[in-house]
Amino acid sequence: MSQFAINIIFVGGSFLLYILIAIWAKAGSTKDFYVAGGGVHPITNGMAIGADWMSAASFISMAGLIAAGGYANSTFLMGWTGGYVLLAMLLAPYLRKFGKFTVPEFIGDRFYSKNARLVAVICLIVASVTYVIGQMAGAGVAFSRFLEVDATLGLIIAAVVVFIYAVMGGMKGITYTQVAQYCVLIIAYTIPAVFISMQLTGNPIPPLGLFSTHVDSGMPILDKLNQVITDLGFNEYTADIDNKLNMVLFTLSLMIGTAGLPHVIIRFFTVPKVADARWSAGWALVFIALLYLTAPAVASMARLNLMTTIYPDGTAAEPIPYDERPNWIREWEVTGLIQFTDKNQDGRIQLYNDSEAFAPKAEARGWKGNELVVNRDILVLANPEIANLPGWVIGLIAAGGLAAALSTAAGLLLAISSAISHDLIKGSINPNITEKGELLAARISMAVAIAVATWLGANPPGFAAQVVALAFGIAAASLFPALMMGIFSKRVNNTGAIAGMLTGLGFTLAYIFVYKGWLFIPGTNNLADTPENWVLGISPLSIGAVGAIVNFAVAFIVSNATEEPPVEIQELVESVRYPRGAGQAQDH
């Protein structure tokens, strides 16, 4: 059986499962559509949160970034994991106790203002749309290789599948679909990792394999990797990072951005009780840890496999001839995600760091520039092929990569849809809309959001994980401070909250657009996105932490210069923080 047929069986079978679940769990009310009826079991919810959380950025791109940058890119792991703990401890139980359908609804009621709710809708949509670009881009990468179609067509196929199960089932359909998707993606991630760890280290447990001995050389595997890449002019994989300020701000931006992401927060509204929200968080951490403990091993082993594929006889010997390149390189070249240019016309593949420091050595070997460009987002997907694993493992990881992208995309699209239908239309434009009309509006707005996300996903402003990091920065600078102040400060009023959100969002977006292009349109950036141009060495991926500080400062200054919130609002803040029971998620 051909690899293409195997991929079709795995991917098609998983898609059929998702659609059947959506039909079984079709939403019949707004409560089903927004919070899955409010009766999801904590373990089920924890698994769904895990799938919602482990997006294309986690499954596809994070290991690729760690593989390319080593320790320097471990900030993705630290920020995302730490942020989830922050969300579980500081926000989720209190928001669940408040008993609302959406984040903007909480902000609108807590800050007793329709305008605050509208500003929160804007912040949510901007962050979620930016996030979903990364998911659709990741789905396009996976489709373009494993279904052997153009990346644009892959995006369209992904959009159609999400449309069917997300629009039909709402949160109820998405919840149970995400449980299935978690099972698919975690199996798909860990099985190839076990195979590769066994091949390279003899240890079947990848996190332990990372600190084991390389079978062929007898060296610790990280030492072997350091030796291979430094011989080719790259920095040590385990090297420390110089710009500590940017590293700290980036980690902080990911942490508080995580805690402000509405598509994860909304999952805590689906359980019956506040205690269940805490248990959901605990189970989600267990499910997430299975992948996050494996990712660093996958990254380092993928990098070593790639380098030894090009230099099978060691870095001191000649690289492989282009005509003898392995089949996996040929297959990925078709997608355009691997590109070869024979700069010195010797018919061999030179893969090295084309830097000034390494230039003398490259010139001595007759090399005229790095000749192989590998998109970071493909490393996890290509890993089974690089390691010559069985065809069914490749089909499995294809299904897993798509499950990761589509599960998070569905959650994000639901957050966008509920913000438009529940907070914008029902909350401001037409408060008397019927439940049937609101459900129809939710489905239409989700369909429009899918179309926009697909169009933007065709031209993302960076790798999947980088685009997601931008979304986290936007959420960190806009929604997180409002949620924190709404729960823990009785003094912050509606004027302060609105001013803080607008200032934090505006500041962060302006900084990002200067380097990434206005509205992410290619070629419209004012400065090149390089460390030399960053203010105080702060990258656009890290600016969300600064934006959050600006938000907090503006909100407190404006609130203290204006009237205190009404007494009943201050009492509401007290009731949310102290254990006096929790209401159902309500439609009002």
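Analyst: Let us begin with the second largest pocket, which holds about 450 Å³ of space. Please bear in mind that the model is predicted.

User: Which residues are the closest to the centre of the second largest pocket?

Analyst: Lining residues are those with an atom within 4 Å of a pocket point. Here 24 residues line the second largest pocket, and D216, N305, T308, T309 and P312 are the closest to its centre.

User: Which elements supply the lining of that second pocket?

Analyst: Two or more residues come from each of helix 8 (151-201), helix 10 (221-230) and helix 14. Helix 14 gives the most, with five residues.

User: How is the lining of the second largest pocket divided by class?

Analyst: It comprises 10 nonpolar, 10 polar and four charged residues.

User: How much space lies in the largest pocket?

Analyst: The largest pocket contains about 1500 Å³. Its lining is made up of 47 residues, of which L65, A68, G69, N73 and R376 are the closest to the centre.

User: Which elements each supply at least two residues of that lining, and which gives the most?

Analyst: The contributors at that level are helix 4 (56-69), helix 5 (75-98), helix 11 (244-260), helix 14 (295-310) and strand 2 (372-374). Helix 4 gives the most, with five residues.

User: What classes of residue make up the lining of the largest pocket?

Analyst: There are 25 nonpolar, 14 polar and eight charged residues in that lining.

Key. Residues numbered from 1 in each chain as written. Predicted model: local features only at pLDDT ≥ 70, side-chain atom pairs only at ≥ 80, totals over all residues. Heavy atoms only, no water. 1 Å grid on protein atoms, 1.4 Å probe; cavity = no way out; pocket = protein on both sides within 12 Å on 5 of 7 lines; lining within 4 Å. Points joined across faces, edges and corners; volume = space filled by probe spheres on them. Helix = DSSP H or I, 4+ residues; strand = E, 2+ residues; numbered from the N terminus. Nonpolar A, V, L, I, M, F, W, Y, C, P; charged D, E, K, R; others polar.
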